[in-house]
Structure formats: C-alpha cells, structure tokens
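Visitor: Hi, I have a structure here that I'd like to walk through with you. Could we start with the sheet?
Guide: Happy to, let's bring it up.

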Amino acid sequence: MDAIFETLWLIQSAKKIWSKIVPRNPYQIKASKPWIMALAAGFASLILMAPPVLGGTVKPPAGAVNMDQAIAMALSYSPNLVAAKEDLEQARYQEKAAFTSFLPTLSTNYSYTKNQNPTIIHTPIGDINFSGDLTYKWSTSLNQPVFTGFRLTSQYRLAELGVDIANVNVGLAKLNLVLNVKEAYFEYLRAQKSLKVAKQAVLQLKSQLKVSQDFYDVGIIPINDVLKTKVELANQQQNEVAAQNAVDLARARLASLLGLPVQSALQVEDILRYRPITVEYIKARDKARAQRPELKALSLQLEQADYSIQQARSGYYPEVGISATYDYTSDSPDMKDSVYYDHTGWMVGAQLNWVFWEWGRTRHQVSQQQASRRKLVAVRQDLEDQVDLQVKQAILYLVDSAKNIVTAKTSIEQAKENYRITMERYKEQLTTNTELLDAQTLLTQAQNNYFTALSVYNVAEARLWRAMGMEGPAPQEQ
C-alpha cells in the first residue's frame, strides 16, 4: 500500500509542477528554458524509479516446473515463512534491547516551582529571604546498575534463547512448507493421471457402444444391451468432468503455495515413480529426536525456564547501583546567577536497596517458575512419544504403499488382458455386454488404484522425511 500511495503522490506532484512551468500550448515547449526541461525529466525519472505496484502474485514460469523449482518458489513467497522470519527479527531486537540494560543511562530534567510564600527568617535586625518565589532547576543524571541479583543477566539470556527459538521456528516453517508443496505436487500428478484414465475409459465405452449398436442394428443383441452401454458411458463422462475439476483444484492449490494466481496454467514434471528405499526404525527415530525442530524448541524453552527461575530468585538479593547528578538552579528560566541559590552543583552516590520481607512473594514466584519448568519436562516427554509414533507410522505407510504398488501394477496387467479377451469374445458373441462393462470397470479401477498407490507412496516418503525433521531430497524423474 505504501508503494501505491508514493507512486500516486509522485504522479500528482509532477502534474502540478508541469502545469505551472510548461505553457498550455504544446508548440511553445521548445522555447522553454533548459532548466524547465531538466526539471521535468527529473520528475519523470522519479516516477519511473518509484516502487512498482505489486499484485501479490507473479507470472508462472515457462515450461514445466520440477520439484526443486516448486520448493524454491514456495520458500521465496510463503507468507507464513515471512511471518516466522519477522518473529526472528523481532527476537533479535529484543535481545539488543535486553543488552542495553547493562549500560549506564543518561537523563535530564528541567523543573519549575512557584512558591506562594518564600522562605523568610525573622531576625532582630530584620527579615532575611532565603529563597525567591520562583525556582528553576535543570538536572542531568547518570545511573549505572552494579548488581541486581542476576536479574539483568537472566533477562539477557532469556532474550538470547528467544532468538534461538525463533530461528528454530523458521526451520519448522520451512519443513511444513516443503511437506505441503510435496503433498500438493503429488496430488496434482495423481489428479492428472485419474483424468487420463477417465478419458481413456470414455473412449473405450464409445468404441464399445459402436460395436453394440452395430450388433443391435443387425438384430444380434437386444436394445437393453445398447442402453446399458449408453448409461455407463454417461456415468463415465460425469466421472471425467469430476476428474477435470479435481485437476483444476489441485493445480490451484499448488499454484497458491507457489505464489502464482490460482487460475494460472501451471504444469509440473511427472515424477510419479516408485523409488524403493529402506529405512530402519531405530535409526530414523534417533535422527528424528536429534533433528525435529519441535524438540529443539522445547529444549531451548527448558533453558529459558532455568533462567526464569534465576530471574525470580533475584528478589532474594539486594540491588546496588551508582549515580551522578549535575544541577543548575536559578530563579530565572535562562539559568542565570541567583542571589538565593548556588548556580551549579554536583553529586555522586551509591545506593543499596534490599527488600527482605514481602510475605513470601519472591518464594511464590520462584515456585511458579519451577512448576512451569516441570510442565515443560512433561510436554517434552509427550512430544518425544509422539515423534516416535509419527516415525513408526510413516515407515508403516511407506511399506504398505510400496506393497500396494506391486499388487496394483499386477492387477493392471491382469485387467488389461481381461478387457482385451472379453472384448474379443464379445465381438464373437461368446460373452454378454454386462461382462464387457464389468471388465472395463475393473480396468479403470485398477489403473486408478495404481496411480493412487504411487501418490500415497511418494507422499509417505515426504512425510517420513518430515517426521525425521529433514526436508529430504526432492525426488526427480529417473
């Protein structure tokens, strides 16, 4: 929005100045002074260099996008990742602000006092005024904390750990984003495969309908066989429409993650392949416990809890500080010499403040922080159990989907051969139209099952890497 307002302001300013310095008759511009032309050119360059008005999305790249490109585009666009990075920047500034608490502070103060009755001492020789009715004072002070019961140290360490936690959260946002991109990518590929299968089924049914119509025309089969084929063709055409909608939705979802318009004609490389991998649960679990950002963040939060306890215990200790003050005092606002006050004066001192009785307030605050730390220990233990379960679940899904790929691929070969044989038998009128429709349905189902198994396997692999706290290699076409 700032870029829009700045651009509009520059355009309006250029118009106003142009209307004042340039004659209304355009043929008189040549007679204008050179500095006028230079000023106009300068404003034109400012407008050209003004920040562009962004639409929030970019044009889709030329050609098909592979997985590496998709991940890179998502990482450069993701608003969630930008928000996580801003949290990191905020934590860094908080750390810098906490460090300034160790440094001395310099302050100044200017005061004005109006006295109704100046200080007067009555003596036998007469009244003596010791102050005027107006007092102006300008003080400059320097304060340096010396010992605060480790409160400032704990506060600074908390801010440092806050930066580490924010950095871990950035990594967590990247992991989640990479997983989302992979899931959307493979879902888009699966939807494309399903659409291809649906179109193939429509073509097969149209061919079957032609054969059935020819048989009916010569009186070989009854009309109800032709009607059954037409009904099945209509159903499959509806499935094709649904498959096309699924493709459009999957493409829009992926484009949204990449920062592209949802209506963009995004194309991706076909990497829907079976790449067998072997994973041992114990190694994967240990790697997950060492790499998961959630566990790292909880470990840092436990360190923060220790410093929070130390910060709460600072109430048991005294606070020591030193200060220096330089004063100007006068009865006039311009701080001139006064007959009542010394014009200048300085003071250096040290102070010790120790609250030794407050009805157990510090003890209760320490107990509160200790309870918070015990809670974090329990949360970390629960998260470790969840991580172990997620790794085990991801491995089981990977193994199951790999087995399903083998069986689904075998079923495709069988379904194709069954459809071919049934079609030949139907042409020879050795089988019924119903059996041919069943064979075609089995072939379509087997093909969809195969591509679904491939998609599930690749997504299971991506989720396994995510469960181990790693982005994992981007699978490429082999």
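**The sheet and beyond**

Guide: Four strands make an open sheet in the order 1-4-5-6, with antiparallel pairing. Strands here are DSSP runs of E with at least two residues, helices are runs of H or I with at least four, and both are numbered from the N terminus. Two strands count as paired if DSSP finds at least two bridges between them.

Visitor: Which strands are at the edges?
Guide: Strand 1 and strand 6, each of which pairs on one side only. On average, neighbouring strands of this sheet are turned by 20 degrees against each other, direction ignored. The axes behind that angle are lines fitted to C-alpha atoms, for helices over the stretch in contact, and angles run from 0 to 180 degrees between N-to-C directions.

Visitor: Before I go on, what sort of model is this?
Guide: It is a predicted model, where local features need pLDDT of at least 70 and side-chain atom pairs count only at pLDDT 80 or more, while totals for chains, interfaces and linings use all residues. Residues are numbered from 1 along each chain as its sequence is written, and side-chain values use heavy atoms, with hydrogens and water left out.

Visitor: OK, how many bridges join strand 1 and strand 4?
Guide: Ten, in the antiparallel sense, between residues 105–114 and residues 134–147. Tyr112 has Tyr136 of strand 4 as its bridge partner.

Visitor: And what about strand 4 with strand 5?
Guide: Eleven bridges, again antiparallel, with strand 5 covering residues 319–330. Thr140 is bridged to Tyr326 in strand 5, and Lys137 stands opposite Thr329.

Visitor: Changing topic: is Ser401 buried or exposed?
Guide: Ser401 is buried, because its relative accessible area is 2%; the cut-offs are under 20% for buried, over 50% for exposed and partly exposed in between, with a 1.4 Å probe and protein chains only. Ser401 is in helix 9.

Visitor: What does the side chain of Ser401 reach?
Guide: The backbone oxygen of Leu398, at 2.9 Å. The backbone oxygen of Tyr397 also lies 2.8 Å from a polar atom of the Ser401 side chain.

Visitor: Where is Phe356 found?
Guide: In the loop between strand 6 (344–353) and helix 9 (361–427). Phe356 is exposed, because its relative accessible area is 72%.

How values were computed:
Polar contact = N/O pair within 3.5 Å; in protein donor to acceptor, adjacent residues only side chain to side chain.
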